[in-house]
Amino acid sequence: ILPKIREIFPRHACFVAPPSETSKEYVRTIHRLTRKLDDDPYVDLFWGILSGHDAANALAIANTSKPLVIRNSLACTEIALDRCKQGKWFCELRKGHGMAKAEDSEAKTIRLPQDTTGLFVKELNEGKPDLFVTSGHATERDLQLGYRYRNGTFKCKEGALFGSDLKAGLHQVDSPNPKVYMPIGNCLMGHLAGPDSMAAAFLKSAGVRQMMGYVEVTWYGYMGWGCLDYFLEQPGRYTFNEAFFANHNALIHRLETCFPNVARHVPAAGPRPRIPRPTPTPQARKLRLGPMDATGLLFDRDIVAFYGDPAWSAKMDDATLNWKQSLTQKGDKHRFTITPLLGPESYQPVNRNGVQRGHRPFVAFFDQRVGPAEILSGEELNPVITDNFILVPNPPSDQPAKPIEITFLAHTLPRPD
């Protein structure tokens, strides 16, 4: 289909497939295909895989059109509750520990039992969260709620999702309200390995309309945890699909600027693929990145799936932002500005839970495609301007955050009818 989508050059592409076809190689192929519409190495459109436990489930996902504003979040790993209207997280590292935030209040510590299985299912069924975030050990058939201690497990059977507690008690998940699911640190949760898989069960039993997830055993984590940096920690700025691809383009940018000799290498499948010897650039050395980082970035690049209609809008409700971001256009002249809102630390990480966190580039997507850009000011900031977005690096620095402005000329490219 590559020649046809090059001709169309769509803004969104939805790949429809039953769960018998959504293999690991299928996900890799879509990643690689959607970077080939033009000559740059970045993703050329917003895509998603429309699937489900069965055809009726997939149709229900496709028929969901009302935009989702996320006001209630639930997680089994630490998340930045100050960026949420309300929410809870139950700790996967310390038994009995959690945090909760009510609307218009600050987050407070809560005491929990060691086994939180029943509470999680109750929160999903009765609390009606709009966002569910998980991490920890998982396979295509189960998800452990504890990482450093024994806790219950989420399991599935024939599209039904349920919790199995430490006393072998079962807790059925029935949570039909539309929601987004982010298994940011889970192995294999994005591998829709047939209708009797965890991904299929989340799509059917838990009301999930969009989700991301690793199709392999994860160890590096850039593509998973970084989605929190863009989506949850910049509330209201991006849809979930936009945040996914902002992070994906950030990963490609890191490869291109830090390990250009291997950046476009296609590794063989496997948990730690062998790659040609990377040659770190001065930028890589400045960031203290080495060969293992090159391997990890290449590993993560093509193994995180996105399920759901990519054009469906799911956004965090507006909340605290570290900076104001503006992209304006007057004729062919564009201006991209970043204004710090939280003082000298505005560009520092919001939350450090997980791996590969913080210091993601600033990214803004164009409403329409643009042609080659001529930078008028701000070239010293090393911006990347493609036909779909502008990206400006945000490297670690001991200097206070300062306003950023980049102006450039680029004409709008029409899309075919």
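**Salt bridges, pair by pair**

Modeller: Let's start with K4 and E7, whose side chains form a salt bridge at 3.8 Å, N to O. Keep in mind that this is a predicted model.

Colleague: Where do K4 and E7 sit relative to each other?
Modeller: Both are in helix 1 (residues 2-8), and because they are 3 residues apart there, about one helical turn separates them.

Colleague: And K4, what's its relative accessibility?
Modeller: K4 comes out at 48%, so it counts as partly exposed. E7 has a relative accessible area of 51%, and since exposed means over 50%, E7 is exposed.

Colleague: OK, zooming out. How many salt bridges does a search of the whole structure find?
Modeller: The search gives 16.

Colleague: Which residue does K24 form a salt bridge with?
Modeller: That would be E216, with the closest N and O atoms 3.3 Å apart. This pair links distant parts of the chain, 192 residues apart: K24 is in helix 2 (residues 24-33), while E216 is in the loop between strand 14 (208-214) and helix 6 (222-230).

Colleague: Is E216 buried or exposed?
Modeller: E216 is buried, with a relative accessible area of 10%. K24 is at 23% relative accessibility, so that one counts as partly exposed.

Colleague: Which residues are linked in a network with K24 and E216?
Modeller: E25 and R28 join K24 and E216 in a network of salt bridges.

Colleague: Switching topic. What does R35 pair with in a salt bridge?
Modeller: R35 pairs with D302, and their closest N and O atoms are 2.9 Å apart. Again the pair links distant parts of the chain, here 267 residues apart. R35 is in the loop between helix 2 and strand 2 (46-50), and D302 is in the loop between helix 9 (291-301) and strand 15 (304-307).

Colleague: How do R35 and D302 come out, buried or exposed?
Modeller: R35 is buried, with a relative accessible area of 11%. D302 counts as buried too, at 2% relative accessibility.

Colleague: What else joins D302 through a polar contact?
Modeller: R32 does: a polar contact of 2.8 Å joins the side chains of R32 and D302. R32 lies in helix 2 and counts as buried, at 16% relative accessibility.

Colleague: Leaving out residues up to four places away in sequence, what does R32 touch?
Modeller: On that count, R32 touches E25, V266, P267 and D302. E25 is also one of the residues in the salt-bridge network with K24, R28 and E216.

Notes: Residues numbered from 1 in each chain as written. Predicted model: local features only at pLDDT ≥ 70, side-chain atom pairs only at ≥ 80, totals over all residues. Heavy atoms only, no water. Salt bridge = Lys/Arg side-chain N within 4 Å of Asp/Glu carboxyl O. Helix = DSSP H or I, 4+ residues; strand = E, 2+ residues; numbered from the N terminus. Buried < 20%, exposed > 50% of the residue type's maximum accessible area, 1.4 Å probe, protein only. Polar contact = N/O pair within 3.5 Å; in protein donor to acceptor, adjacent residues only side chain to side chain. Contact = heavy atoms within 4.5 Å.
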